[in-house]
Each structure stands twice: as structure tokens, then as C-alpha cells.
Amino acid sequence: MSGRGVWLRARARLRRFPTALAACGDQAAAYGRCVAAAAAGPAELRRDTCLEEFQALRECFARAVRLCPS
């Protein structure tokens with residue numbers, strides 16, 4: 001069995017990524033600001049520090065991918 005089909009499906013998903021990112025610019029910016037602010041101080045970046053922003057970005061990506069043509 002060839003793994004070629006797996007790579008074709010992965011490439012198809014990756015081609016939709018720029019469209020999804022463009023549709024979720026506000027959420028991506030909010031997540032980026034949160035991570036930058038959390039990493040800027042002397043304290044270490046902790047897991048789940050920006051969980052709310054990450055979940056909003058993830059949900060937006062999921063919606064955008066469903067709406068994007070394959």
C-alpha cells in the first residue's frame with residue numbers, strides 16, 4: 001500500500017490554511033498578543049496561559065476550514 005494518498009490529503013489541507021488564517025486574523029492576533037505578553041516577563045511561559053485565546057482561534061479555524069472549498 002502506498003502512502004501517496006496520505007500526502008495528497010495533507011497537501012490539500014495545507015492549501016486551505018492561508019484562507020483559514022485570513023478568516024481568523026483577529027483571533028490569531030489576540031492569541032499572538034497573549035503569548036507575547038506572557039513570554040515578555042521574567043516568568044516562564046506556562047501551559048494554558050492563553051487557553052481562552054487559543055480555543056477561540058481553534059474554533060475559528062474549524063469553522064473556516066468547513067467553509068473553505070476543498
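**Helix packing and loop contacts**

Helix 2 and helix 3 are roughly antiparallel to each other, a label given to angles over 145 degrees, while angles under 35 degrees count as roughly parallel, 65 to 115 as roughly perpendicular and the rest as oblique. The structure is a predicted model, in which local features need pLDDT of at least 70 and side-chain atom pairs count only at pLDDT 80 or more, whereas totals for chains, interfaces and linings use all residues. Residues are numbered from 1 along each chain as its sequence is written, and side-chain values use heavy atoms, with hydrogens and water left out.

Two packed helices are described by the angle between their axes and the distance between the axes. For helix 2 (residues 25-40) and helix 3 (residues 51-67), the axes come within 9 Å and cross at roughly 155 degrees. Helices are DSSP runs (H or I, at least four residues), numbered from the N terminus, and strands are runs of E with at least two residues. The axes are lines fitted to C-alpha atoms, for helices over the stretch in contact, and angles run from 0 to 180 degrees between N-to-C directions. The crossing of helix 2 and helix 3 is left-handed, meaning that the near helix is turned anticlockwise from the far one by less than a right angle; clockwise would be right-handed. Helix 2 contributes Gln27, Ala28, Ala30, Tyr31 and Cys34 to the contact, and helix 3 contributes Glu53, Phe54, Ala56, Leu57 and Cys60; contact means heavy atoms within 4.5 Å. By class, these residues are eight nonpolar, one polar and one charged (nonpolar: Ala, Val, Leu, Ile, Met, Phe, Trp, Tyr, Cys and Pro; charged: Asp, Glu, Lys and Arg; polar: the others, Gly among them).

Gly25 is also part of helix 2. Gly25 counts as partly exposed because its relative accessibility is 35%, where buried means under 20% relative accessible area, exposed over 50% and partly exposed in between (1.4 Å probe, protein chains only). Gly25 and Leu57 are 32 residues apart in sequence, and their C-alpha atoms are 8.8 Å apart in space.

Helix 3 also packs against helix 1 (residues 4-23), with axes that come within 9 Å and cross at roughly 125 degrees. This angle makes helix 1 oblique to helix 3, and the crossing of the two is right-handed. In helix 1, Arg16, Phe17, Ala20, Leu21 and Ala23 meet Cys60, Phe61, Ala64 and Val65 of helix 3. The contact of helix 1 with helix 3 holds eight nonpolar residues, no polar ones and one charged residue. Ala62 lies in helix 3 and is partly exposed, with a relative accessible area of 36%. From Ala62 to Ala20 the separation is 42 residues in sequence and 8.4 Å between C-alpha atoms.

The loop between helix 2 and helix 3 contains Leu45, which is partly exposed at 47% relative accessibility. Not counting residues up to four places away in sequence, Leu45 touches Val35, Ala38 and Ala39. Leu45 and Val35 are ten residues apart in sequence and 7.9 Å apart in space, C-alpha to C-alpha.

Asp48 lies in the loop between helix 2 and helix 3. Most residues other than glycine have a negative phi. Phi of Asp48, however, is positive, near 70 degrees. Side chains of opposite charge can pair when their charged atoms come close. The side chain of Asp48 meets that of Arg47 in a salt bridge (4.0 Å, N to O), a term that requires a side-chain nitrogen of Lys or Arg within 4 Å of a carboxyl oxygen of Asp or Glu. By this rule the model has one salt bridge. Arg47 counts as exposed, with 77% relative accessibility.
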